[in-house]
Amino acid sequence: ITYHESFQLIDTKEIEKYMEEENQLYSQEQISAAIENVPADCQKVLKLFYFEEYDMNSIARELNYKNTDTAKSKKSLCMNKLIEELNKIKTINN
């Protein structure tokens with residue numbers, strides 16, 4: 001998976017809120033490494049949503065999910081996995 005140079009992911013409310021709460025700033029390399037460590041299906045969901053700017057209905061269709069709610073649940077699960085990976089990076093760097 002190739003990611004865009006400007007990580008739109010760090011501009012999202014979910015990541016911004018997490019970073020503000022943890023008072024952390026992550027580099028593109030750290031975010032890229034974290035994304036590479038989440039399961040492949042999560043990489044697809046995150047890439048489609050944040051980099052390709054698909055809506056949940058389009059993601060559900062693209063990935064053959066049952067419906068939009070399933071796509072939303074999957075994205076939420078994937079965000080939690082990404083945050084876990086970012087926490088690991090924080091722990092390693094401290």
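Visitor: Which residues of helix α2 are buried?

Guide: In this predicted model, helix α2 spans residues 28-36, and its buried residues are Ile31, Ser32, Ala34 and Ile35.

Visitor: What makes these buried residues line one face of the helix?

Guide: Looking down the axis of α2, the buried residues fall within an arc of 160°, so they line one face. The face turned away from that buried side carries Glu29 and Glu36, which are exposed.

Visitor: How many salt bridges does a search of the whole structure find?

Guide: The search finds two. One of them joins Asp41 and Lys74, and Glu85 forms another with Lys88.

Visitor: Why is the pairing of Asp41 with Lys74 called a salt bridge?

Guide: The cut-off is a side-chain nitrogen of Lys or Arg within 4 Å of a carboxyl oxygen of Asp or Glu. For Asp41 and Lys74, the closest N and O atoms are 2.4 Å apart, so the pair meets that cut-off. As background, side chains of opposite charge can pair when their charged atoms come close.

Visitor: What does the pair Asp41 and Lys74 tie together?

Guide: Asp41 lies in helix α3 and Lys74 in helix α5, so the pair ties together parts that are 33 residues apart in sequence.

Visitor: Are Asp41 and Lys74 buried or partly exposed?

Guide: Lys74 has 17% relative accessibility, under the 20% limit, so it counts as buried. Asp41, at 32%, falls between 20% and 50%, so it counts as partly exposed.

Visitor: How do you know that Glu85 and Lys88 form a salt bridge?

Guide: Their closest N and O atoms are 3.1 Å apart, and that is within 4 Å, so the pair qualifies. Glu85 and Lys88 both lie in helix α5, three residues apart, about one turn of the helix.

Visitor: Which residues is Glu85 in contact with, leaving aside its neighbours within four places in sequence?

Guide: Those contacts are with Ala34, Asn37 and Val38. Ala34 is also one of the buried residues of α2.

Visitor: What is the secondary structure of the protein?

Guide: The protein has five helices and zero strands, giving the pattern α-α-α-α-α along the sequence. Of its 94 residues, 37% count as buried. Among contacts between residues at least 6 apart in sequence, 62% join residues at least 24 apart.

Visitor: Which helices have the lowest and highest mean pLDDT?

Guide: Helix α1, residues 13-22, has the lowest mean pLDDT among the elements, at 56, while helix α4, residues 56-62, has the highest, at 96. Over residues 1-11 the pLDDT is below 50, and beyond near neighbours in sequence this stretch has 30 contacts in the model. For the protein, the mean pLDDT is 78, and 70% of the residues reach 70 or more.

Notes
Residues are numbered from 1 along each chain as its sequence is written. This is a predicted model: local features need pLDDT of at least 70, side-chain atom pairs count only at pLDDT 80 or more; totals for chains, interfaces and linings use all residues. Side-chain values use heavy atoms; hydrogens and water are left out. Buried means under 20% relative accessible area, exposed over 50%, partly exposed in between (1.4 Å probe, protein chains only). Helices (H or I, at least four residues) and strands (E, at least two) are DSSP runs, numbered from the N terminus. The arc is that of the directions from the helix axis to the C-beta atoms. Contact means heavy atoms within 4.5 Å. pLDDT is the predictor's confidence in each residue, from 0 to 100.
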